[in-house]
Amino acid sequence: MGFSGAPRLMIVSDLDNTMVDHKDKNYTSLLRFGALWQADYNHDSLLVYSTGRSPALYAELRSEVPLITPGITIMSVGTEIRYGDTMAPDLGWEEELNQGWDRDAIVEEGKKLDLKFQVESEQRPHKVSFYVEKDKAEEVIKTLTEKFKERQLNAKIIYSGGLDLDVLPTGAGKGQALAYLMKKLKAEGRAPGHTLVCGDSGNDAELFTVPDVYGVIVGNAMEELLKWHSEHSGDKSHIYLAKERCAAGILEAMQHFDLQPNVSPRDQARSIGTVGEASQMTASTVAHKVVDYLLLMENWLKGGVDKSDTVFSRLKSSLAPDASYVHAFGIITNPYEEIDTIRELHGVMKEKPFCMWVDRVRVEKMSDTTYLARFDKWEKLGELFSNKLLAILVLWT
């Protein structure tokens, strides 16, 4: 699950059109959020994706966009909870959903109405999914609801995106899955200090009903969620209507709710100075230096910084002279060598769809003068992804 303590902040976000802006082919806001999370939150907070996608479609998205790795993934509209890099399933949640669930009966009722089933990958153990056009949705939902009531079926209907109709066990859904997760964390003594939920469509509505959360409805939210918000009775002060789209709206909400820090390293006109004294270093500051180092390298290659000895020297000054790269395949190199190789490559990626980012930054204090930073270094040029699993042994004296 990554961080194993009580999270300072837990962010629970839908993916499509919330965290991921499919209209932004450069994924600018997604990269901004990822840089902030890896630099300032990954070491003591918990990122949760809550998506309608199945495991197969989630893996497909991970191969297409620069998503950072979450600690927990809630998939299939809250019917599957998976943990960490291994995607280990929550068997307790599965057992809860099994109670009174008759999947075959749901499929039978769908066939009687001649509904169009979604692709096989989206048919899950606790989810039956159909495509229903918006102008027919109200009638279909009414008919199915009556049939389920007649047969006393343990089932609920969630309609979202103007097309997707999902039938789940009554106790399932994004909101119920989050409530279960928060209860579990509390029982383990790991209740989050703050929780921010983020969504854009109808299947996200339940997230905002979970007690003790902040919520953000991103600026590009669909009519169905905005309608739910306008008709929702009771206190809505914990729900913020963002002006910005997608991940930019999440960052906007972090500022609104004063969740600190809330300014991405990609938005800061910061310089990477010389390495500080050992007494000034923490796991958080080392993580920030890793992110800043990769951002400066990206800017050098894209010509976003001046081609000067002063700027180039900042790449080296972010690391101690005796730092080492420990590659996943065991070879140890000096990062200064990598830096030297790019000196003449200033601006080579200018006006190209190129970006660099880091994922899974983990920092371990080895001694008073030594930190070990493990991370995945990613590069994307157009549709081509490349990845290197790296560890930097960073020494301060």
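**Figure 1. Packing of helix α1 against helix α9 in a predicted model.** Helix α1 (residues 28-40) and helix α9 (residues 283-302) pack at an angle of about 145 degrees, and their axes lie 7 Å apart. Axes here are lines fitted to C-alpha atoms, for helices over the stretch in contact, and angles run from 0 to 180 degrees between N-to-C directions. From α1, the residues A35, Q38, A39 and D40 meet S284, A287, H288 and V291 of α9. Contact means heavy atoms within 4.5 Å. Sorted by class, this contact of α1 with α9 has four nonpolar, three polar and one charged residues. Ala, Val, Leu, Ile, Met, Phe, Trp, Tyr, Cys and Pro count as nonpolar, Asp, Glu, Lys and Arg as charged, and the others, Gly among them, as polar. Helices (H or I, at least four residues) and strands (E, at least two) are DSSP runs, numbered from the N terminus.

**Figure 2. Strand β4 and its two hairpins.** Strand β3 (residues 72-75) runs antiparallel to β4 (residues 80-83), joined to β4 by four bridges. Two strands pair if DSSP finds at least two bridges between them. I72 is opposite Y83. Four residues separate β3 from β4 in their hairpin, and S76 in the turn has a positive phi of about 55 degrees. β4 also pairs with strand β5 (residues 88-89), in the antiparallel sense and over two bridges, where P89 is the bridge partner of R82. This hairpin also has four residues between its strands, with G84 in the turn at a positive phi of about 65 degrees. E80 and R82 point one way from β4, I81 and Y83 the other way, and all are buried. Buried means under 20% relative accessible area (1.4 Å probe, protein chains only).

**Figure 3. Helix α4 and its cover.** In α4 (residues 103-112), the buried residues are A105, I106, V107, E109 and G110. Among the elements covering them are β6 (116-117), β7 (128-131), α5 (134-150) and β9 (164-168). After α4 comes D114, with a positive phi near 55 degrees.

**Figure 4. Cysteines C198 and C246.** The structure holds zero disulfides, pairs of cysteine sulfur atoms within 2.5 Å. The sulfur of C198 is 11 Å from the closest cysteine sulfur, that of C246, which is too far for a bond. C198 is buried at 0% relative accessibility, and C246 is buried with a relative accessible area of 0%.

Residues are numbered from 1 along each chain as its sequence is written, and side-chain values use heavy atoms, leaving out hydrogens and water. In this predicted model, local features need pLDDT of at least 70 and side-chain atom pairs count only at pLDDT 80 or more, while totals for chains, interfaces and linings use all residues.

Conventions:
Buried means under 20% relative accessible area, exposed over 50%, partly exposed in between (1.4 Å probe, protein chains only).
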